[in-house]
Amino acid sequence: MNSIIEMKNVSYRYPVSEDWNIKNASFTIEKGKFTAIIGNNGSGKTTLCNIIRGFIPHFYKGDLEGDVIVDEKKIVEYQLGQLGEKIGYVFQNPFIQVSGVKDTVFDEVAFGLENLGVEENEIIDRVNEILKLIKIEHLREKHPMGLSGGQRQRVALASIIVMNPDILVIDEPTSQLDPIGTEHVFDIIRLMKEQGKTIILVEHKMDLIAEYADNLIVLNNGEIVLQGPVREVFADPRYGEYNIQYPHVTEVALNLQRNGVQLKYVPIRDEELSESISWSGVGEGAYD
Amino acid sequence: MTELQLKNVSFAYPDGTKALENLTLTVPAGKRLAIIGQNGAGKTTAVKLMNGLLKPTEGEVYVGDWHTKDYTTAQVSRKVGYVFQNPDDQIFHNNVELEVQFGPKNMGFDPERVTMLTDWAMELCGIRNVSHENPYNLPYSVRKFVTIASVLAMDSDVIILDEPTAGQDRIGLELLSKLLDELEGKGKTVIAITHDMEFVTDYFSRIVVMANRKIIADDVSEQIFYNHAILEESMLKPPAVAKMANLLGLEKGILTKGQLLSVLKKRDFMRGR
């Protein structure tokens, strides 16, 4: 196994916090895998992201215990700028990520590359390519502050992907997007994965996680309570104890199971429902 | 009691960009309505016309018997409260309770009523335990509830929620569900803009679909989510339950988990399980 991020017994608390915000977390993220971090609000998801991208301890102070290793090197040994090139972070709230110093979407997306000192023609090429990929070419001359929430969310994603980091940490990228836009963002994330990127995603939309992610890390009150392949975690009876959303189909199937229906397995995608409950159909040929 | 009425309303920005074309819509007092549609379809612009933040370039908007052109936004917003999509556009106090109190206080309610409304709104939004916190120390999802409470505390007849489910976990969704029931009990009109089709089908029966600056459908949810033409034009997707029902070859019209489960249980019973 080729690990790219490793945490060993990591605990953290913010400067004024009395309790530990992350408690004794240990996990390994393999290179090229898509890992989703889930849990209810306040469970520590964003804090965990901040540790992974080195904002803790480089920017936020407080107490950090245990080891955080990124690409075989301890995170404390990096400079924040080095980590910024390695790890791209897309903010949860697109309204605060937009820099506020650029007048067009094109310049906003180019901002990161300019700061890395990339040569001008290359910047233009790369920005054009990304605008096309994210399907926001029509916004290129618009002012970033004049965009809708959904548009800003796409610009925020574009301005990180353009920097071509090995690891993408994405915090709820679709909260302001319509269903088609949401699916489109997930398709882009899948494309990034196919290009060999390691993806770490915070998200509440479990149907999409079931569809796209490889592994799950479940947080509850700052503790990792479950982790493993997506299918195994959703099927784990303990998952139900934490009052976290299930994929819709899983919720339906588990309810049927409680009412005496035998499940062949726990479905996590809509198209698995019929097989998992041994549905024999209503009329002949009612479905394929 | 305040009925909302849009009559042949169009809106264009000063630079001429058209945002809405010929909207006609009536929302009776005390009813719930969900507005759905793609980003950029005009949903937020439409509700900003309802509370007077924007005035139509053509047509008329009535709030009760008020023609919004004749009243200031401050006046209209006493009747129609609008919770912004982005909580950070709305919050400006450094303490949750002060933020929630501001509206009713500013409206000149007597101190007793201010306290009563503030407490009621904070309780309903699950933020009583953080009443002395700075809103900016709270997660986004909780800040959203701070802004909802701030608008509820103004006791307006109509409440507009813009993307209330964005970033909410199951606990937040359960809170919203309770909140909608309470508001219905009080006879308030609730209009919600949302992308969350499960939220729509669980809590709203009347749906307005917008696409390309127009209302393309205004109907009960069973008619909307099983109508391919509407779904295609608005580029919306049916809720997961409709997809599952379809895959199982069940009859049309099933939209909520409750409906699906009861149909499946009945079938199972008949097959002698």
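# Briefing on a predicted two-chain model

A:Pro57 is found in helix α2 (residues 55–58) of chain A. Helices (H or I, at least four residues) and strands (E, at least two) are DSSP runs, numbered from the N terminus. This is a predicted model, in which local features need pLDDT of at least 70 and side-chain atom pairs count only at pLDDT 80 or more, while totals for chains, interfaces and linings use all residues. Residues are numbered from 1 along each chain as its sequence is written, and chains are lettered from A and ligands numbered from 1 in the order in which they are written.

**Backbone angles in chain A**

- Most residues other than glycine have a negative phi, and most peptide bonds are trans.
- The peptide bond that leads from A:Ile56 into A:Pro57 is cis, and its omega is near 10°.
- A:Asn9, a residue of strand β1 of chain A, has a positive phi near 45° and is not a glycine.
- A:Asn9 is exposed, with 11 other C-beta atoms within 10 Å. A residue is called buried if 20 or more other C-beta atoms lie within 10 Å of its own, exposed if 12 or fewer, and partly exposed in between, with C-beta atoms placed from the backbone.
- A:Glu72 sits in the loop between β4 (63–70) and β5 of chain A; its phi is also positive, near 65°, in a residue other than glycine.
- A:Glu72 counts as exposed, with 8 C-beta neighbours inside 10 Å.

**A sheet in chain A**

- An open sheet of four strands in chain A has the order β2-β1-β4-β5, with antiparallel pairing. Two strands pair if DSSP finds at least two bridges between them.
- β2 (22–30) and β5 (73–74) of chain A are at the edges with a single partner strand each, so one side of each has no neighbour in the sheet.
- Six bridges connect strand β1 (residues 3–13) of chain A with β2(A) in the antiparallel sense.
- A:Val10 is placed opposite A:Ala25 of β2(A).

**Two helices of chain A that cross**

- Helix α5 (residues 105–115) of chain A and α7(A) have axes that come within 7 Å and cross at roughly 35°. Axes are lines fitted to C-alpha atoms, for helices over the stretch in contact, and angles run from 0 to 180 degrees between N-to-C directions.
- The crossing of α5(A) and α7(A) is right-handed. A crossing is right-handed if the near helix is turned clockwise from the far one by less than a right angle, and left-handed if anticlockwise.
- On α5(A) the contact is made by A:Val105, A:Glu108, A:Val109, A:Phe111 and A:Gly112, and on α7(A) by A:Val155, A:Ala158 and A:Ser159. Two residues are in contact if their C-beta atoms, placed from the backbone, lie within 7 Å.
- By class, this contact of α5(A) with α7(A) has five nonpolar, two polar and one charged residues. Ala, Val, Leu, Ile, Met, Phe, Trp, Tyr, Cys and Pro count as nonpolar, Asp, Glu, Lys and Arg as charged, and the others, Gly among them, as polar.

**Where chain A touches chain B**

- The contact involves 41 residues from chain A and 38 residues from chain B.
- On the side of chain A that touches chain B, two or more residues each come from α7 (149–161), α8 (179–194), α11 (248–258) and α12 (273–276) of chain A.
- α11(A) gives the largest share of that side, six residues.
- The side of chain A that touches chain B has 14 nonpolar, 21 polar and six charged residues.

**Chain B as a whole**

- There are 11 helices and 10 strands in chain B.
- The radius of gyration of chain B is 20 Å, close to the 19 Å that the globule rule gives for 273 residues, so chain B is as compact as a globular protein of that length. The radius is taken over C-alpha atoms, and the rule is 2.2 Å times the number of residues to the power 0.38.
- Of the 273 residues in chain B, 48% are buried.

**Strand β9 of chain B**

- Five of the six residues of strand β9 (residues 206–211) of chain B are buried, so the strand is largely enclosed by the rest of the structure.
- Strand β3 (residues 32–37) of chain B runs parallel to β9(B), joined by four bridges, and B:Ile35 has B:Val208 as its bridge partner in β9(B).
- Strand β10 (residues 214–220) of chain B runs antiparallel to β9(B), joined by six bridges.
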